[in-house]
Amino acid sequence: MKINNININYLYSVFVLTWILINFILITKGIYYTGSDTSRYINDGREIFNGEILTGRSILYYGYNIFLGFLDFLNFSFKEIAIIQIIINFIASVCLIGICEKIWEAGTGKLLSIIFLFYYPLQIWNFYIYTESLFVSLFVISTYFFFCRRNYSSKVIGFILFCVTSSIKPHGFLVILSLILLFVIKNFKKKIKLFLYISILL
């Protein structure tokens with residue numbers, strides 16, 4: 001499906017500026033949210049930067065603990081942490097355009113990027129000091145670097161980001177599992193087809 005580039009570029013610019021304005025207003029009003037787990041993430045992050053070893057359930061959120069621990073070390077407030085999550089989320093929306101260019105075209109990517117930026121159930125998490133926003137954003141960014149960039153350094157960056165993403169939430173291991181599965185399918189497609197064909201015959 002071909003989309004008029006001039007129209008979609010104009011539409012994209014208008015929506016991005018609107019998104020920036022909305023977030024600016026919300027941030028200046030001091031909008032951010034914390035929950036029962038926020039203080040645990042912060043405390044675990046402090047323990048990591050104090051050289052202590054995490055145990056139990058805290059290990060399952062290691063990536064986010066480090067993220068918050070580092071920002072806490074820099075004396076970032078909850079409001080400033082929310083701003084960082086918003087910025088990373090916007091970077092993810094740009095990477096989404098690059099991903100879609102590989103599958104469809106830039107115009108379609110910009111439409112999906114607009115939907116991504118204005119999908120309320122996702123965007124609201126940018127204002128929560130919780131794992132969801134960073135997990136989704138880094139997953140999109142790591143996918144772009146690993147699968148859509150051809151140079152070796154980008155592949156390395158993508159893999160590192162995949163590893164970081166997998167450490168943010170308990171079910172993050174599925175990210176690495178899906179990465180391995182995609183690698184196997186991509187590189188051993190013919191052998192897999194042959195194996196399935198033989199299996200069916202038997």
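**Close-up 1. The lining of the largest pocket.** In this predicted model, the largest pocket is lined by W19, I22, N23, L26, L117, F118, Y120, Q123, I124 and F127. Two elements give two or more residues each to that lining: α1 (5–28) and α6 (120–123). Helices here are DSSP runs of H or I with at least four residues, strands are E runs of at least two, and both are numbered from the N terminus. The top contributor is α1, with four residues. Sorted by class, the lining has eight nonpolar, two polar and no charged residues. (Nonpolar covers Ala, Val, Leu, Ile, Met, Phe, Trp, Tyr, Cys and Pro; charged covers Asp, Glu, Lys and Arg; polar is the others, Gly among them.) The volume comes to about 160 Å³, taken as the space filled by probe spheres set on grid points, which are joined across faces, edges and corners. A pocket is an open set of points on a 1 Å grid over the protein atoms alone, where a 1.4 Å probe fits, with protein on both sides within 12 Å along at least five of seven lines; lining residues have an atom within 4 Å of a point.

**Close-up 2. A salt bridge between E132 and K169.** The closest N and O atoms of E132 and K169 are 3.1 Å apart. That counts as a salt bridge, meaning a side-chain nitrogen of Lys or Arg within 4 Å of a carboxyl oxygen of Asp or Glu. E132 sits in helix α7 (residues 132–148) and K169 in the loop between α8 (152–166) and α9 (173–187), so this pair links distant parts of the chain, 37 residues apart. K169 is buried, at 12% relative accessible area, while E132 is partly exposed at 23%. (Buried is under 20%, exposed is over 50%, and partly exposed is in between, with a 1.4 Å probe and protein chains only.)

**Close-up 3. D72 meets R46.** A search of the whole structure turns up three salt bridges, and one of them joins the side chains of D72 and R46 at 2.8 Å, N to O. This one also links distant parts of the chain: D72 is in helix α3 (residues 62–73) and R46 in helix α2 (residues 38–49), 26 residues apart. R46 is partly exposed, with a relative accessible area of 39%.

**Close-up 4. R40, with D37 and Y61.** R40 pairs with D37 in a salt bridge of 3.2 Å, N to O. The charged end of R40 also sits over the ring of Y61, 5.0 Å from its centre. (The cut-off is NZ of Lys or CZ of Arg within 6 Å of the ring centre and within 35 degrees of the ring normal.) R40 is partly exposed at 23%, and D37 is partly exposed at 24%.

Close-up 5. The structure holds 18 aromatic pairs. Y33 and Y128 make a stacked one, 4.7 Å centre to centre with 25 degrees between the planes. Rings of Phe, Tyr and Trp (its six-membered ring) pair if their centres lie within 6.5 Å; planes under 30 degrees apart are stacked, over 60 edge-to-face, and the rest tilted. Y41 and Y130 are edge-to-face, at 6.1 Å and 85 degrees, and both are buried. Ring pairs join Y33, Y41, Y61, Y64, F67, W125, Y128 and Y130 into a cluster.

**Notes for every view.** Residues are numbered from 1 along each chain as its sequence is written, and side-chain values use heavy atoms, leaving out hydrogens and water. In this predicted model, local features need pLDDT of at least 70 and side-chain atom pairs count only at pLDDT 80 or more, while totals for chains, interfaces and linings use all residues.
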